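Dear colleague,

Please find below the structure that I am handing over to you. My notes on it follow directly after it.

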Amino acid sequence: MTHFHDRKDASLGEGDDPVLDAVAVLQCHGYTVEPDDDFARWRIDGGDWISLNALFVMAVRLGLRDGPGRAQ
């Protein structure tokens, strides 16, 4: 995944969505991630619904994100 930090011709925010970033990284590590109808809550591996903030916390705690917008 290319982030705007990696490209000199890209502007801030272009193609860089922290939600999609966290979901993509979790999925790349074998997790199943699904949103509710409003994208307000998320379910990981069929577990209980969690908030968007909890999704970010899980990604950070698992070491799957290295700072804002930078997936490992």
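Buried means under 20% relative accessible area, exposed over 50% and partly exposed in between, with a 1.4 Å probe and protein chains only. Because its relative accessibility is 13%, D36 counts as buried. This is a predicted model, in which local features need pLDDT of at least 70 and side-chain atom pairs count only at pLDDT 80 or more, while totals for chains, interfaces and linings use all residues. Residues are numbered from 1 along each chain as its sequence is written, and side-chain values use heavy atoms, with hydrogens and water left out.

D36 sits in the loop that links strand 1 (33-35) to strand 2 (41-44); strands are DSSP runs of E of at least two residues, helices runs of H or I of at least four, numbered from the N terminus. Its side chain reaches the backbone nitrogen of D38 at 3.1 Å. Beyond neighbours within four places in sequence, D36 is in contact (heavy atoms within 4.5 Å) with R41 and W49.

G30, in the loop between helix 1 and strand 1, is exposed, at 59% relative accessible area. Its C-alpha lies 9.2 Å from that of D45, 15 residues away in sequence.

As for the helices, the axes of helix 1 (residues 18-28) and helix 2 (residues 52-61) come within 10 Å and cross at roughly 50°. The contact involves P18, V19, A22, V23 and L26 of helix 1, and L52, L55, F56 and A59 of helix 2.

Yours sincerely

Notes
Axes fitted to C-alpha atoms, helices over the stretch in contact; angles between N-to-C directions. Polar contact = N/O pair within 3.5 Å; in protein donor to acceptor, adjacent residues only side chain to side chain.
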